[in-house]
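Q: Hi! Could you walk me through this one while I have it on screen?

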Amino acid sequence: MMAKALKRLRLWPQGLVAQIIILVAIALFVAQAINFALLLRERTRIELTAQTAPGVYRIVDALDNRPNRRSGEDGDRRRVQFLTQAPALQGMPRPDVERRATAMFADIGLTIRSVRVVEESQPLPMRRWDNFRLRAAGERPHDMRMARLVMVAEYEPGKWAMTQSRIGARQPRFGGWLVGQTLILYAIVLVPLLWVGRRLARPLRQLTRSAEQFARTGSADPVEERGPGDVRQLTTAFNAMRSRIFAMLNEKDRMLGAIGHDLRTPLASLRVRTESVEDEGERARMSETIDEMNRMLEDILSLARAGRSSEARQKVDLSALADAVVEDFLELGSPVELADNERAVATVRPQQIRRALRNLIENAIVYGERAHVSVEHGDSMIRLIVADEGPGISEDRMEEMMEPFTRLEGSRNRETGGAGLGLALVRAIMTEHGGALRLANRPQGGLEASLVLPA
Amino acid sequence: MSERPHLLLVDDERSIREPLAQYLVRNGFRVTAVENAAEARIRLNANAIDLVVLDIMMPGEDGLSLCRHIRETSEIPVILLTAKSEETDRIVGLEMGADDYVLKPFSPRELVARIKVIFRRVATGGQRVTAPDGATYAFAGWLLKTQERTLVDSEGVSLPLSTAEYNLMLAFTTRPNQVLSRDQLLDITQGREANAFDRAIDNQISRLRKKIEPDPKAPTLIKTVWGGGYTLSADVRKL
């Protein structure tokens, strides 16, 4: 569910490394935020205690020393005043400090009836030392605001002790600190992560490329084993699988070769023997049947070998190719037409494309009376089109026609054989070329089969 | 050569060897049929053999090896029988010096026709056109690749040729700067006699010109020789 929701986000990256890094970055940020909140709370508590404590201690001290108070020690700078009237306090009430002070008095074991605290604030003239300290820290000198806490404790009914203490008014710059710390953390965590990620991603990319290459060409170089242990194991397993598949495909080729040879030999024997048949018509039909069996055998072998062609790809003028194929049909007196075409160069295996085109033209002649061949040169693809004048194929059977061993029933030429491998073979050849076989009924009737090849 | 040419048929498959030998005998040849290369070597030494029909796939020494041996020691023509249709096997066979090959299952009539073509060539003192397959000929900025039956232009783009075009092109590139009459061209390319109305060669020539001449109306490569025929006016190198 979550993964699906994430996928819908357009900015969410698909790459493994990018996803890990973004997740870690988010997790780090959340952790930092929680950390910061806890720190802030702790700090506030300490600050509160630090603000409360001097006042509390002075009052406690003063109350303890009351009986034998020596005058002169505090002199005229007496820090605690004893009052018999509730003082009128001005300034901002600080209930937080009041609560803390009450708790501290209770901890010490002093019974205090009530505590009141206010904060008075007034500008404090800059002292030379402060000035110096600020400059050293690289800050511009500015007026400090001085804040004083005035604490009044009613220690007996009708008797109050009052004291004042200084507190720093400036809040430390906590936000900047958080950002800075987070950035440093990012650098410490994400840089190695990036490195690990690349180490992970590169072999994975190689694996993907190798697998794709295998799918396209039926062979691929083994992938170099590197990266972290798990990935290396995956690579080893992949390479092992690759060579197993490779061995199986080779085995298949050898087997098909053997089958082909073993079937062709008795066919050849039969073909030779037909010549001793007296009846001319019978002999012709027999050799026709043998040729038919041989063609089917060839088709099956070609289809089984599709995708494992040893032919090299080369730049070919497909118009010239179509021309040559059509010319061969014309030599045999087949009803084929070729439209005049521009040069259309693509990188293909020419023998295979010849084969594919030949199959389409044969189909067109057998099922559609005539074949009209043309070449269309688009921006990114070239289409070799074979149109016929037959009944076409009903839409729901089009896909099926490209499957092996499917034949169009009810064709008028029932005796024209074939194993129904023609289109399957064409499709296999197209797939190997990164192209496609398209079938469509023409509006004016007849079927249009086209080989679509990347230009 | 005696009245009835003497063929040596080498095939390990009895089911092919025996009926084929009978068929060849019926078609006017003397036939010695053997089942392996070793026996074939003995017969080659003992008899005056005019042509060898040789199966490639045989247990023991295979047909290709025997073919090479024959070519090294004599001028006896060889036709290979092969069950494989893989392009490479044909080429290897022709590089081994075979004169021709037929694919199994072959029509015995076709085999006889090919044997006769070879005998006619030998009788008229024609050159053995060995191993065109696999070779590449270069002329006037073009390459003729015989393995793929394509022309390659100066930009490296292949122009596939039809069978007839290819045969004609090969006839020219293997005989550059020679005047070839229509009859000769027909004979070389299709192994048949021309009849008076046969315009096939002229059609093929004009098709070829469209493909390779810079200006097909004023041909500079395949020139018409008045009253004689055609000639490929270019230097050909075999690569």
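Q: Where is E369(A) placed?
A: E369(A) is in the loop between α9 and β9 (371–377) of chain A; helices (H or I, at least four residues) and strands (E, at least two) are DSSP runs, numbered from the N terminus. A word on the source: this is a predicted model, where local features need pLDDT of at least 70, side-chain atom pairs count only at pLDDT 80 or more, and totals for chains, interfaces and linings use all residues. Residues are numbered from 1 along each chain as its sequence is written, and chains are lettered from A and ligands numbered from 1 in the order in which they are written.

Q: Thanks! What is the phi of E369(A)?
A: Positive, about 65°, although E369(A) is not a glycine.

Q: And why does E369(A) count as partly exposed?
A: Because E369(A) has 13 C-beta neighbours inside 10 Å. The cut-offs are 20 or more other C-beta atoms within 10 Å for buried, 12 or fewer for exposed, and partly exposed in between, with C-beta atoms placed from the backbone.

Q: Is N177(B) buried or exposed?
A: N177(B) is exposed, with 12 other C-beta atoms within 10 Å. N177(B) has a positive phi of about 60° without being a glycine, and its loop runs between α6 (163–173) and β10 (179–180) of chain B.

Q: New topic: which residue does the "modified residue: 4-aspartylphosphate" annotation cover?
A: D55(B), according to an unreviewed UniProt entry. UniProt positions are given in the numbering used here, feature names are shortened, and annotations may be inferred rather than shown by experiment.

Q: Where is D55(B), and what is D55(B) in contact with?
A: D55(B) is in strand β3 (residues 51–55) of chain B. It counts as buried because it has 25 C-beta neighbours inside 10 Å. Leaving aside neighbours within four places in sequence, its contacts (C-beta atoms, placed from the backbone, within 7 Å) are V10(B), D11(B), D12(B), G63(B) and L81(B).

Q: Which peptide bond is cis in chain B?
A: The one from K104(B) to P105(B) is cis, with omega near -5°. P105(B) is found in the loop between β5 (100–103) and α5 (108–123) of chain B.

Q: How many residues does each chain bring to the contact?
A: Chain A brings 31 residues and chain B brings 27. On the side of chain A, α6(A) gives the most, with 11 residues.

Q: Last one: how many residues of α11 in chain A are buried?
A: 9 of the 11 residues in α11 (residues 422–432) are buried. After α11(A) comes G434(A), with a positive phi near 70°.

Definitions and conventions. Contact = placed C-beta atoms within 7 Å.
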